[in-house]
Amino acid sequence: MNETELVEAARNGDQEAFHSLVKQYQAQVAATVIGMLGRGPEAEDIGQETFLRFYKALPRFRGDAKVGTYLTRIAVNLCINEIRRRQRRRRFYFSNGESKMTNAPDRKVSNNPGESRNLVQQGLKKLAPKFRSVLVLRLIDGYSTRETAEILRLPTGTVLSRLARAQEKFKRILDKGDGHENM
Amino acid sequence: MKICKIKKLLYRSFDEDLKEKDRQKLEAALAQDPDLRKEKAHILQQRRLITESRSEGFGPGFSRRVMARISESGETAVRNHIQLAYETMTYLFRRLALVGALAVFLLLALNLTMKNLSPENEIFYASAVTYEEIQNLPLF
C-alpha cells in the first residue's frame, strides 16, 4: 500500500496500517527529536508522543501536507515544549543555590564519529530552540529551506536569517568553548 | 550579534539560490579575500559535521512500543470520528453564534439611527406603532 492508502486504512481503524506508518517514519522522527534533545529517555518518550498525537489527529488529517512533514512539525513542537520545560526546571534548581555547570564542549573535532556526534549534540544544546530547530531540520533532517519554513510556519527569509545566526553561534560555541546556555 | 553583509551572503549561498548580482559579488569577495575562503571552508566542514551527526534511530522495538502505548491510551480511529463530529459541531456553533450576535448588534445599531423613532419607543428599539394599528391587526 502507498502512503495515502496506509493513512486511509489507519483512519478506518487498521492498526497494522498505522504500525507500517510508524516503521516507515520512525527514523525521520528520531533524527528530528534526537537532534533537538539529544539521546535519552525523554527523546524516546517524545518520539512515541509524536506518533500518538498523529494517531489522534488522523480523522482531521486531510493530506494537504506530507505525512513526514506533518510528523516533523508535531515532533519539533513537542521538542520545543520539552526544552522549555527543562529550562524552567533548571532555573528553579539554579535559583536554589546550585551552581551552573558550564559543560562546554571539547573544542577538538574528533575523527571518531561517536565523539563528533556528541560534540555536535553538546553544541546544539547550547542554542536557543528557534536556532536549534532550523539547524536540525535543514542540516540533520535534510529539508530544503522552503520545506523548513513550511514546517515551522515561518517566512523563508526568517529561516535563512536564523540559519545564518545559528551557524555563527554554533561556530563560536565550538571554537571558543562557550558554555552559556541558550544564546 | 551582527554578521557583516558579505558573510550573510556567504551563509545564504548554502541555503538558497542567490540572484546573479549577489552571486557575482560573493565570488568577487571570495577571490580577493583568503580569510573569507577559509571561513567558507570552515562553514562547510561545520555543516558536514552537523549533517553526519544524524542519529541512527530510536532503540529496537520502538514501533511496537508506540502501538502498545496507543492500545493503552484506549484511542481508536472510530472513537476519533465521534470526537471529530463533536469538535466540528462546536466549531460551527461558535461561528454561527458569533455571526448571530453581530447581526443583532447591526440591527440594533440600524434601529437606533432611524429618524422616526419616538422617545418612548427608543426604549424598546421599535418603530412607532399606535394602539389603533394594534387593534386592527387580524388577531383581534
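What percentage of the 140 residues in chain B is buried? The answer is 26%, where buried means under 20% relative accessible area, exposed over 50%, and partly exposed anything in between, with a 1.4 Å probe and protein chains only. Before we go on, please keep in mind that this is a predicted model, in which local features need pLDDT of at least 70 and side-chain atom pairs count only at pLDDT 80 or more, while totals for chains, interfaces and linings use all residues. Residues are numbered from 1 along each chain as its sequence is written, chains are lettered from A and ligands numbered from 1 in the order in which they are written, and side-chain values use heavy atoms, with hydrogens and water left out.

Let us start with chain B. Its fold has 7 helices and 0 strands; here helices (H or I, at least four residues) and strands (E, at least two) are DSSP runs, numbered from the N terminus. Of the contacts in chain B with a separation of 6 or more, 29% join residues 24 or more positions apart, a contact being heavy atoms within 4.5 Å.

Chain B exposes about 10,700 Å², and 61% of that comes from carbon and sulfur atoms; accessible areas come from the Shrake-Rupley method with a 1.4 Å probe, and for residues only the protein chains shown count as cover. Helix α5 (residues 77-113) of chain B contains Leu102(B), which is exposed at a relative accessible area of 52%.

Next comes the partner chain. The contact involves 53 residues from chain A and 39 residues from chain B. Together the two chains bury about 4,400 Å², 61% of it on carbon and sulfur atoms; buried area is the accessible area (1.4 Å probe) that two parts lose on being put together, summed over both. On the chain A side, Arg117(A), Leu139(A) and Gln167(A) lose the most area to chain B, together 14% of what that side buries.

The rule finds 7 salt bridges across the interface of chain A and chain B, each a side-chain nitrogen of Lys or Arg within 4 Å of a carboxyl oxygen of Asp or Glu. Asp15(B) and Arg138(A) form a salt bridge through their side chains (2.7 Å, N to O). As for where chain A makes the contact, α2(A) supplies the largest share of the side that touches chain B, 13 residues.
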